[in-house]
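Hi,

Here is the structure I promised to pass on to you. Have a look at it first, and my notes follow below.

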Amino acid sequence: MDDKLISKIPDGPLAEKWTKRKSELRLVNPNNRRKLEIIVVGTGLGGASAAATLGELGYNVKVFCISDSPRRAHSIAAQGGINAAKNYQNDNDAIYRLFYDTIKGGDYRSREANVYRLAEVSTAIIDQCVAQGVPFAREYGGYLANRSFGGVQVSRTFYARGQTGQQLLLGAYAALNRQIAAGTVKSYPRHEMLDLVVINGQAKGIIARNLVTGKLERFGAHAVVIATGGYGRTYYLSTNAMNSNGSAAWQCYKKGAFFANPCFAQIHPTCIPVHGTQQCKLTLMSESLRNDGRIWVPKKMEDVEKLRKHQIKASQIPEEDRDYYLERRYPAFGNLVPRDVASRAAKERCDAGFGVNETGLAVFLDFSDAIKRLGHQRVQERYGNLFDMYFKITDVSPWEEPMMIYPAIHYTMGGIWVDYDLQTTIPGLYAIGEANFSDHGGNRLGASALMQGLADGYFILPITIADYLSHKFAEPKTDTNAPEFEEAENKVQARIDKLFSIKGKETVDSIHKRLGNIMWEYVGMARDEEGLKKAIEEIEKLKAEFYENVLIPGTQMQFNQELEKALRLEDFFEIGELMARDALNRNESCGGHFRIESQTPEGEAKRDDENYMYVAAWEYKGENQEPELHKEPLKYEFIKVATRNYKD
Amino acid sequence: MDFNLKIWRQKNAQEKGHFETYHVSGIEEDASFLEMLDILNEQLIREGNDPVAIERGCQSSGPVSFDHDCREGICGACSLFIDGRAHGPDDHVTTCQLFMRHFKNGATITVEPFRSPAFPIIKDLVVDRSAFDKILQAGGFISVRTGSAQDANNILIPHETAEKSMDAAACIGCGACVATCKNGSAMLFVAARVSSLALLPQGRPEAARRARNMVAKMEELGFGGCTNTRACELECPKVISVEHIARLNREFLKAKFSE
């Protein structure tokens, strides 16, 4: 075991670990909480719920977001739902089963103890959200309704139409607003964290740019919480929001926080396919659609050709000429296999030439059977808003013709390494939600991101952080005139000055697009040694070009979106490089990470437990230095590690 | 497709703004309105400062600033007034879900920020909507402490009630209602939150207080009063009904009587 990676997982039976840890954690008494300051960066489900709960407990909280309001965070866009082991459906669901499904779905690359705790607190999340007034879907009798998601055989997903993320975030945002009104939380919208300040080895503050005035500002605290989401925008085209970025997490990495499993990126199977070259964003169609939609491509190549020439419509292809390839390959789970499996299967069919649009990169998601079986009214209630959205974007009605879908980057399982307490390798620095690496292993199951964000923010971090703060209340407030703040601010200022001094000819977006192409080509759905090495080289070249030829208009001391994007792109280059490096190191296929060299004769992912059953945690060693790999072995004491089987 | 774009440019909150006209060409029909603006910005950055604009005394002819984020119609960041309508000519969509196939090739399109005394302009098309946050801070929540909730199924809510509450909760806080209203009223925004919570049993204990405090805050922040023109409902991207304003008024009156 690497002595820098102490996971702090409590001993004892799986089901008692969290209770045990809670009883060991030290407390801060209410009078002393007032003296303690905590910075929370990010206001998605994790950040908003953490800031609100910490405020409620009486800490002094400062919360930062890059948008004009905390409510804009990208959790708002999550559609399908949130999992919880309530067993309201009496389908033999249980905490253990949610835990097991999540570990298996993650392809045995996450920690047993963390995942079990996630499943354990899941039920309290639903209670909390209902109490806040989240209008979850209800049965006619007034009880909560559920639906099913990929990779499971029970119905444990709670939902609010296709806007579950929005409703949960508005709940957390409301709790945050209540604390802002009470004066325990101070909100800093339109502020972007650009560096972490570490004093005597402990996280003590941040440098943020006020995005309206352009000024660099210093903020001190006793602890810092990073809740800034994932780094999917490294690929340029993704389902992430335009302003989603990995920079806050990356700056923590450069200050000494280890970055874990960067190559684990989730490619979501049901997104609207890319059209043309002017696109900057891909739109997700909720996984919930796979409850009733059937995925297929034609069996005959002549039908494919006619479809591409618009000579026939999908609905004219007879039943016997359709290949429902997920139902064919995975009869036990059918269209509800996990995301990584569904994405690879779509790629396999399209690579074989059966893609159904002009680009050859699309498959059908068909509702005609569901409409026949359930009737128009019920399909409208379940998916009406998604059908409307699809129609608005594509001008094709899913009521008449099947949707066309293709996989796209959606979520990153990798992130800042944290121990069981969600503390990073820098004391006083915590990471929660998508920003950390902890719970989803190689692949995240649908409706589990919302669960993790809220579990961390409402129920885990506010308890664990007290242990660290319990001996900090006597310390004076952090002095933002300390030399460490000065140095960090100067470093950020130098970065900005350098960017303006380049005065080249290329725009930030045009270079970011090219980075995205490199990433999708070589670090996308199928990866091999040659391609990954090429990716590292190409990223280096592109980065060099960026520093010679980028053009940032305007000045620092104004609202300047091009400068914001340029600073984020600098980090995306480095994140992309580390992703490729990590993917190169992990010479096995597992979850969303598929190495061409490691597959079964049927083309299924082949794990290598003997050599890679570990968390790869990377340590930054300085500019132009190779990062150092640390390994946290994964021990499975309570479940039998098996090959994932969704066939029978 | 080709378009002439008449766009509001304003350096910052203090300086006066003006319209500038730009030309874009080669736009795909399936491009979204914001992708079209991205293309314009690429063009403006590459051109450097537009000489015509500089001649006319415009110092900020670089890229046009506009708020945007999720680009899937849910974050509520986009805030453009296009050809005289909030979020443009297509009905009940946000700006990011507006596609160029809804415009005639060669058209001149006028783009302005959402205008309201309560939404000061930050730059070009970017406005400050923090007044919305302040209204919600005045009472747009249920006072429940983390961890104190009972089992979720102990609170029964009929299907229809939950659906109605959800209709109101769908508000994305974009401000189209304010920008559309001739009085610059935020009644639909306030009503959506008040009504969504008032419909649910969990929200009842604070319903009257919530209505009173949020309306008072709205008035304090410089939003106008509601004169029932229903323009807000027509332009709301999430089709939030003015029925919720009626419910807000009922809660507000109840609060008055109980004083």
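Y236(A) sits in the loop that runs between β9 (223-226) and α7 (247-254) of chain A. In this predicted model, the phi of Y236(A) is near 60°, a positive value in a residue other than glycine. Most residues other than glycine have a negative phi. Y236(A) counts as buried because 25 C-beta neighbours lie inside 10 Å, where the cut-off is 20 or more.

You will find A447(A) in the loop between β17 (429-431) and α13 (449-469) of chain A. With 27 other C-beta atoms within 10 Å, A447(A) is buried.

Finally, the contact between the chains: 63 residues of chain A and 64 residues of chain B take part. On the chain A side, the elements giving two or more residues are α3 (45-57), α5 (112-132), α6 (164-182), α12 (376-394), α15 and α17. The largest share, nine residues, comes from α6(A). By type, that side of chain A divides into 27 nonpolar, 22 polar and 14 charged residues.

Best wishes

Terms used. Residues numbered from 1 in each chain as written. Chains lettered and ligands numbered in written order. Predicted model: local features only at pLDDT ≥ 70, side-chain atom pairs only at ≥ 80, totals over all residues. Contact = placed C-beta atoms within 7 Å. Helix = DSSP H or I, 4+ residues; strand = E, 2+ residues; numbered from the N terminus. Nonpolar A, V, L, I, M, F, W, Y, C, P; charged D, E, K, R; others polar. Buried ≥ 20, exposed ≤ 12 C-beta atoms within 10 Å, placed from the backbone.
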